[in-house]
Amino acid sequence: MPVEVQDNHLVKVFITGASRGIGSAIATLFSENGYTVIAPNRDELDLSDIVSVREYISRNSNEIDILINNAGINPLQGIREIEHENYLEIFQTNFFSCIELIQWCVPYWQAKRSGTVINISSIWGKISKPKRLLYGATKSALDNITKNLALELGEFNILVNAIAPGFINTELTRINNSIEDLEKIKEQIPLKRLAEPREVAKLAFFLGTQNSFITGQTIYIDGGYTCQ
Ligand SMILES: NC(=O)c1ccc[n+]([C@@H]2O[C@H](COP(=O)([O-])OP(=O)(O)OC[C@H]3O[C@@H](n4cnc5c(N)ncnc54)[C@H](OP(=O)(O)O)[C@@H]3O)[C@@H](O)[C@H]2O)c1
């Protein structure tokens, strides 16, 4: 039997939030391996603004193979601080925009009978911590639609999974935790360190390029933190 050779540059990977952090590492890893990466910046696609999302969708082709919903915000707020605008903004950015982008891609995937969604969730969708009220809710919602869409879209060979990182060494983590907090956190992680963004990127790369039968799962990449 001839070995099937795939021309990686023909595979299109669409990723949000690739300007830095985990998204940048994922985009770099796919690019290094020859994949075509489409990574609009916030000026081209502002996920907090439904008008911007819909305009982007109406102006651009949905012929992409792997959709990675990575961008996210995590303003630290508890029940006594949040206002209506706060939950509209975080749900629009972290959750509703993901739905819009998946809806955009499904007709193409349905026609070609394959497609891949990778939603970047968080451990705070499973466990909780003060001031992650809305953030955790958006990530639980993302985990839930990951299962639901795996059921609805499985017959078209569309694989839908989520990656739930723990503490990753990015700007978001450094903004939301002081240096002293991070030292204490490291002690609480079984592997005794934060992960680097590249480690999350490797998991996304596996799900995008090697996976053929995992669907509907949220995969925790947290050094064992949520096992405790
Ligand atoms: N870091 C962690 O430890 C950790 C843990 C669990 C889950 N996560 C999740 O992993 C994902 C990436 O996190 P990160 O730590 O890499 O974050 P980050 O360093 O703060 O980067 C966030 C990315 O999202 C983009 N973004 C934010 N709001 C946007 C908007 N309205 N429109 C378009 N783009 C927007 C940012 O673009 P700009 O450059 O324009 O701001 C940036 O590229 C997020 O979903 C986060 O919830 C991270």
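**Ligand and ring contacts**

Biologist: What is 2.5 Å from an N or O atom in the side chain of Tyr135?
Modeller: An oxygen atom of the ligand. A polar contact means a pair of N or O atoms within 3.5 Å; within protein, one must be able to donate a hydrogen and the other to accept it, and residues adjacent in sequence count only if both atoms are side-chain atoms.

Biologist: What are these numbers based on?
Modeller: This is a predicted model, where local features need pLDDT of at least 70, side-chain atom pairs count only at pLDDT 80 or more, and totals for chains, interfaces and linings use all residues. Residues are numbered from 1 along each chain as its sequence is written, and side-chain values use heavy atoms, with hydrogens and water left out.

Biologist: How far is a ligand oxygen from an N or O atom in the side chain of Thr173?
Modeller: That distance is 2.7 Å.

Biologist: How do the residues of the shell around the ligand divide?
Modeller: Into 12 nonpolar, 12 polar and 4 charged. Nonpolar covers Ala, Val, Leu, Ile, Met, Phe, Trp, Tyr, Cys and Pro, charged covers Asp, Glu, Lys and Arg, and the others, Gly among them, are polar.

Biologist: Changing topic, how many aromatic pairs are there?
Modeller: The count is 12, taking Phe, Tyr and Trp (six-membered ring) with centres within 6.5 Å; planes under 30 degrees apart are stacked, over 60 edge-to-face, the rest tilted.

Biologist: Why is the pair of Trp124 and Tyr225 edge-to-face?
Modeller: Because their planes are at 80 degrees, with ring centres 6.3 Å apart.
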